[in-house]
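Hi everyone, thanks for coming. I'd like to walk you through a couple of spots in a structure that may be new to you. Let me put it up on the screen.

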Amino acid sequence: MTIKVGINGYGTVGKRVADAVELQDDMEIVGVAKRSPTYEAELAVEKGFNFYAASDKYLDKFEKKDIPIEGMLDDLLDEAEIIVDGTPSGAGYKSQYEKAGVKALWQGGESHELTGFSFNSMANYEDALGKDYLRVVSCNTTGLLRTLYPLHRDIGMESVKAVMIRRSADPWDTKRGPINSINPVLNIPSHHGPDVQSVVPEINIQTTAVKVPTTIMHLHSVIVDLKKHVDTEEILDIWNKTPRIKFFNASQGVDSTAKIMEWAKDRNNTRGDLNEIAVWDDSVKVEDKTLYYYQAIHQESDIVPENIDAIRAMMEIEEDNMKSINRTNEAMGIE
């Protein structure tokens, strides 16, 4: 079975998911849709994707730029079995998907209430089997779950406290973010803790966030009260066996988010992305039953493999989460 995937919103997430879908041997892109004729629309056509207009507002501009249109979004919905929605939060396409009878998944910018189900490949893949609609949680929440869920499963946690030191904007976004400032996020606690609990309600977590003038990554400072004492080596062993976690160490010369991104570029990762969660193994320390560590999140790309796994679960072509994860990782070159 080859799953016919459509992308609505060919931006930061949409273009990355489209490329990841094309790497899989059990799914294909039948078309991408976008509202406006940006350079990304031109690149989608250059890559050979069938292009659809998500709105008739800019049809004349598509024509002026010689961007060939296969049809409107409704036409794409006739071709696709499932839609990956990468549009800005609140864009409001759900009723259109429902009318067309097409499955759809959204990104973490949307609320849990939109679909009633928030997804993480490790934590609740089996519960997503056959779902018509779901939401892949945000980059920060995905990062937290990648490291916390294995501890919850294998050791048990009394509580988690984490500070999100957040990039202000994506690298391309010149319209927002502090320039010479550190901005506390004054909605306390931040939304990240409840977002983790939308996937695993049993995790007792409180979070706060701070915006800083960088664009390349988020950084998390995490403190976990474990249910029992374990050695630091046991924590590292659990994470070493967990997919999509990548260890770095200051002795390698990788002591900052900038150097992690440089490593990803030197490795020739597509777009210089890092789909894995970066953990400094030299930051991991257990004192009594308290675990401390730092991790870094590449906000543009860590959710991409989760989207691929979500597609498989929703279409029920793979019931085992680890088989899907391994299949996705192999296709995408994730170690």
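Leaving aside residues up to four places away in sequence, Ala264 touches Asn269, Gly272 and Asp273. Please keep in mind that this is a predicted model.

Where does Ala264 sit? You'll find Ala264 in helix α10, which covers residues 257-266. Is Ala264 buried or exposed? Its relative accessibility is 0%, and buried means under 20%, so Ala264 counts as buried. Another residue to look at is Asn275: Ala264 and Asn275 are 11 residues apart in sequence, and their C-alpha atoms are 9.6 Å apart in space.

Now for the helix around it. The buried residues of α10 are Thr257, Ile260, Met261 and Ala264. If you look down the axis of α10, these buried residues fall within an arc of 95 degrees, so they line one face of the helix. What covers them? The cover includes the strands β13 (245-248), β14 (277-280) and β16 (290-297).

Let's move to a pair of helices. The axes of α7 (residues 139-154) and α9 (residues 232-240) come within 10 Å and cross at roughly 115 degrees. The two helices are therefore roughly perpendicular to each other, and α7 passes α9 in a right-handed crossing. On the α7 side, Thr147, Pro150, Leu151 and Asp154 make the contact, and α9 brings Ile235, Ile238 and Trp239. Sorted by type, the residues of this contact are five nonpolar, one polar and one charged.

Conventions:
Residues numbered from 1 in each chain as written. Predicted model: local features only at pLDDT ≥ 70, side-chain atom pairs only at ≥ 80, totals over all residues. Heavy atoms only, no water. Helix = DSSP H or I, 4+ residues; strand = E, 2+ residues; numbered from the N terminus. Buried < 20%, exposed > 50% of the residue type's maximum accessible area, 1.4 Å probe, protein only. Contact = heavy atoms within 4.5 Å. Arc of directions from axis to C-beta. Axes fitted to C-alpha atoms, helices over the stretch in contact; angles between N-to-C directions. Parallel < 35°, antiparallel > 145°, perpendicular 65-115°, else oblique. Left-handed = near helix turned anticlockwise from the far one by under 90°. Nonpolar A, V, L, I, M, F, W, Y, C, P; charged D, E, K, R; others polar.
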